[in-house]
Amino acid sequence: MPDINSMFPSKYLKASDLQGKTFTVVIDRVVHEKVVEEEPEKWCLYFSGSDRGMVLNKTNAMMIADGYGGDTDLWIGKIVELFTEKTQFQGKIVDGLRVRPASAQAHPNPDPPLEQPPVPATNADEDLPF
């Protein structure tokens, strides 16, 4: 029998997609888009090598900004780690999808970067499960 997630695929990542692992990925783009038809648009991250986005919440956005600065245009090409963490949601403890700057690369950069080639993720040879 198929897994429920394969029966009803989502355009957006969720904690269970990481299968308990940490993935190092490269930010491809930051977009403002409609996630749920009846709700306002939300900010989403997309990563190189994956067509599924990550809906940004304030916690995750602030974590990236802490390492790479507040200008989201400067996040493009930056390496981040995706992982899960226990968090409280609607009164329950659940696995939450989290993101953090890759420690070796993190430092706020207030100036636009010079023309640089994209930096590959450390596990670029590994297929992403999402």
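This is a predicted model: local features need pLDDT of at least 70, side-chain atom pairs count only at pLDDT 80 or more; totals for chains, interfaces and linings use all residues.

User: Ok, which residues of H2 are buried?

Analyst: In H2, which spans residues 58–68, the buried ones are Asn60, Ala61, Ile64, Gly67 and Tyr68. Buried means under 20% relative accessible area, exposed means over 50%, and partly exposed is in between (1.4 Å probe, protein chains only). Helices (H or I, at least four residues) and strands (E, at least two) are DSSP runs, numbered from the N terminus.

User: Why do they line one face of the helix?

Analyst: Looking down the axis of H2, the buried residues fall within an arc of 135°, so they line one face. That arc is taken from the directions from the helix axis to the C-beta atoms.

User: And what does the face turned away carry?

Analyst: Lys58, Met62 and Asp66, which are exposed.

User: What covers the buried residues?

Analyst: The cover includes strands E1 (23–33), E2 (42–47), E3 (53–55), E4 (79–89) and E5 (92–101).

User: What about the ends of H2?

Analyst: Asparagine 57 caps the N-terminal end, with a side-chain oxygen 3.3 Å from the backbone nitrogen of threonine 59. After H2 comes glycine 69, whose phi is positive, near 90°.

User: Switching topic: how many salt bridges are there?

Analyst: Eight. A salt bridge here is a side-chain nitrogen of Lys or Arg within 4 Å of a carboxyl oxygen of Asp or Glu.

User: Which residue does arginine 52 pair with?

Analyst: Aspartate 17, with the closest N and O atoms 2.8 Å apart. Arginine 52 sits in the loop between E2 and E3 and aspartate 17 in the loop between helix H1 (4–7) and E1, so the pair ties together parts that are 35 residues apart in sequence.

User: Is arginine 52 buried or exposed?

Analyst: Buried, at 14% relative accessibility. Aspartate 17 is buried too, at 9%.

User: And what does arginine 98 bridge to?

Analyst: Glutamate 85, with the closest N and O atoms 3.5 Å apart. Arginine 98 lies in E5 and glutamate 85 in E4, so this pair ties together parts 13 residues apart in sequence. Arginine 98 is buried at 12%, while glutamate 85 is partly exposed at 40%.

User: Which residues do shared partners join into one network?

Analyst: Lys14, Asp17 and Arg52.

Definitions and conventions
Residues are numbered from 1 along each chain as its sequence is written. Side-chain values use heavy atoms; hydrogens and water are left out. Contact means heavy atoms within 4.5 Å. A polar contact is a pair of N or O atoms within 3.5 Å; within protein, one must be able to donate a hydrogen and the other to accept it, and residues adjacent in sequence count only if both atoms are side-chain atoms.
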